[in-house]
Amino acid sequence: MNDHVQAYAEVAAVLQVYFDGLHHSDTDRLSRVFHPQAVYATASADMPLILRMDEYFPLIDARPSPASRNEARTDHIDSIEFVGPVTALAKLRCSIRPRHFIDILTLIHVDDRWQIIAKVFHFDAERPLAT
C-alpha cells in the first residue's frame, strides 16, 4: 500500500472511532483520537465557545448518548485532505439530536499515530414541530 493510501486509511479509522465515541458518549474512545491539548471551538451559538479536552469531555460524560436514545446515525465523511505528510483536514457531518453538525477536524501525526488537534464546528438545530 502506498503512503498516501495508508495515511488516508489511518485517518478514516480515527474518524470512525470519533463517530463511535460521539454516538455512544464515550470519552474513553474519544481520548484515543483527540490529542490531550486539542481545541474544541464553535461560534454557532450567540458567542464563541472554546474549550480544551479537560473541559469538553465532562460535557460528553454528562449527556445521554444518541445510542441510548436509539437515534439513527448520520455520520458522513465529506472529505479528507492532506496538507503535508503529518497534517490532515477532515470535513464531517453527524447529528446529536436536535443538532446537526458540520465538523472541521485538523489532525496531526505525532507519537506514531494520527490525532485530532482541533475540532471547529457549526451546527443547526431542528425546530420543534408546530402543534
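Colleague: What space lies in the largest pocket of this structure?
Modeller: Bear in mind that this is a predicted model, where local features need pLDDT of at least 70, side-chain atom pairs count only at pLDDT 80 or more, and totals for chains, interfaces and linings use all residues. Numbering of residues runs from 1 along each chain as its sequence is written, and side-chain values use heavy atoms, without hydrogens and water. A pocket is an open set of points on a 1 Å grid over the protein atoms alone, with protein on both sides within 12 Å along at least five of seven lines; points are joined across faces, edges and corners, and the volume is the space filled by probe spheres set on them. For the largest pocket that space is about 330 Å³.

Colleague: Which element gives the most to the lining of the largest pocket?
Modeller: Lining residues have an atom within 4 Å of a point, and the largest pocket has 18 of them, with Tyr40, Arg63, Arg99, Phe101 and Phe121 closest to its centre. The elements are DSSP runs numbered from the N terminus, either helices (H or I, at least four residues) or strands (E, at least two). E1, H3, E5 and E6 each give two or more residues to this lining. With three residues, the element that gives the most is E6.

Colleague: Which residues of H3 are buried on the same side, and what arc do they cover?
Modeller: Buried means under 20% relative accessible area, exposed over 50%, and partly exposed in between, with a 1.4 Å probe and protein chains only. On the face turned away from the buried side, H3 carries the exposed residues Asp54 and Ala62, while the cover over its buried residues includes H1, H2, E1, strand E2 (49-52) and E6. The buried residues are Met53, Tyr56, Phe57 and Ile60. They lie on the same side of H3 because their arc, taken from the directions from the helix axis to the C-beta atoms, is only 100 degrees.

Colleague: Which backbone oxygen does the side chain of threonine 42 reach at 2.7 Å?
Modeller: Threonine 42 is in strand E1 (residues 34-42) and is buried, with a relative accessible area of 6%. Beyond its neighbours within four places in sequence, threonine 42 is in contact (heavy atoms within 4.5 Å) with Met47, Pro48, Leu49, Phe121 and His122. The side chain of threonine 42 reaches the backbone nitrogen of serine 44 at 3.0 Å. The backbone oxygen at 2.7 Å belongs to phenylalanine 121.

Colleague: Now the backbone: which peptide bond is cis, with omega near 15 degrees?
Modeller: Most residues other than glycine have a negative phi, and most peptide bonds are trans. The proline to look at is proline 98, in the loop between E4 and E5. The cis bond runs from arginine 97 to proline 98.

Colleague: Aspartate 112 has a positive phi; is this residue buried or exposed?
Modeller: For contrast, serine 25 has phi near 50 degrees, sits in the loop between H1 and H2 and counts as buried at 12% relative accessibility. Aspartate 112, in the loop between E5 and E6, has phi near 65 degrees. At 74% relative accessibility, aspartate 112 counts as exposed.

How values were computed
A polar contact is a pair of N or O atoms within 3.5 Å; within protein, one must be able to donate a hydrogen and the other to accept it, and residues adjacent in sequence count only if both atoms are side-chain atoms. On a 1 Å grid over the protein atoms alone, a cavity is a set of points where a 1.4 Å probe fits but cannot get out, and a pocket is an open set with protein on both sides within 12 Å along at least five of seven lines; lining residues have an atom within 4 Å of a point.
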